[in-house]
Amino acid sequence: MTGDAWRADTLEELAKKAGIDPANLVKAVEEYNKGCEAGHDAGGKKPNNLRKIEKAPFWAGYAGMSVHHTMGGVVINTDTQVIDRHGQVIPGLHAVGEVTGGIHGSNRLGGNAIADIFTFGRLTGIAIANGK
């Protein structure tokens, strides 16, 4: 076990293993289950996959934020030159790969990072060779 997931036969035991307040976990599960009965979550949304939490064993796992893609990163032109906030090229500064933005719109397609770095890396080499 890596210590980032826990299993228990009661919610109180699960909370203790996860290092959280048992009363808060029990209350949160009760409120969630009421939402399941009402057909909507606490925010009023009506997802079709609500399922009550009521049968042991109960599981919890650690979840944390991480960045794996800089959606909307620095703006570049077709020569991979970085563009400043005034729309001007920053001389001598190029950017490639996932630090760049604008190529995916409001969402990204998985698996593009390798193609991005090869394509834009090559474009950067060409631009620098041409004195840009």
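User: Hi! Where does Asp79 lie?

Analyst: Hello! Asp79 lies in the loop between E2 and E3. Those labels are for strands (E, at least two residues), while helices (H or I) have at least four residues; both are DSSP runs, numbered from the N terminus. This is a predicted model, where local features need pLDDT of at least 70 and side-chain atom pairs count only at pLDDT 80 or more, although totals for chains, interfaces and linings use all residues. Residues are numbered from 1 along each chain as its sequence is written, and side-chain values use heavy atoms, with hydrogens and water left out.

User: What does Asp79 touch, leaving aside its neighbours within four places in sequence?

Analyst: With those neighbours left aside, Asp79 is in contact with His94, Leu123, Ala127 and Lys132. Contact means heavy atoms within 4.5 Å.

User: What is phi for Thr80?

Analyst: Phi of Thr80 is near 65°, which is positive in a residue other than glycine. Most residues other than glycine have a negative phi, and most peptide bonds are trans.

User: Which peptide bond is cis, then?

Analyst: The bond from Ala56 to Pro57 is cis, with omega near 5°. You can find Pro57 in the loop between helix H2 (22-38) and strand E2 (58-61).

User: Back to Thr80: which residues is it in contact with, leaving aside neighbours within four places in sequence?

Analyst: Beyond those neighbours, Thr80 is in contact with Leu93, His94, Ala95, Val96, Phe120, Leu123 and Thr124. Val96 is 16 residues away from Thr80 in sequence, and the two are 6.7 Å apart in space, C-alpha to C-alpha.

User: New topic! How many helices and strands are there?

Analyst: The chain has three helices and four strands. Following the sequence, you read the pattern β-α-α-β-β-β-α.

User: At what angle do H1 and H2 pack?

Analyst: The angle between H1 and H2 is about 125°, and their axes are 8 Å apart. That makes H1 oblique to H2. Under 35 degrees counts as roughly parallel, over 145 as roughly antiparallel, 65 to 115 as roughly perpendicular, and the rest as oblique. Axes here are lines fitted to C-alpha atoms, for helices over the stretch in contact, and angles run from 0 to 180 degrees between N-to-C directions.

User: Which residues meet there?

Analyst: From H1, Leu11, Glu12, Leu14, Ala15 and Lys16 meet Pro22, Leu25, Val26 and Val29 of H2. By class, this contact of H1 with H2 has seven nonpolar, no polar and two charged residues. Ala, Val, Leu, Ile, Met, Phe, Trp, Tyr, Cys and Pro count as nonpolar, Asp, Glu, Lys and Arg as charged, and the others, Gly among them, as polar.

User: What about Gly35, buried or exposed?

Analyst: Gly35 lies in helix H2, and it is buried, with a relative accessible area of 13%. Leaving aside neighbours within four places in sequence, Gly35 is in contact with His40 and Leu50.

User: Last one: where is confidence lowest and where is it highest?

Analyst: That is given by pLDDT, the predictor's confidence in each residue, from 0 to 100. Confidence is lowest in helix H3 (residues 113-129), with a mean of 84, and highest in helix H1 (residues 11-18), at 96. Over the chain, the mean pLDDT is 84, and 83% of residues reach 70 or more. Where pLDDT is low, the predicted coordinates should not be read in detail.

Terms used
Buried means under 20% relative accessible area, exposed over 50%, partly exposed in between (1.4 Å probe, protein chains only).
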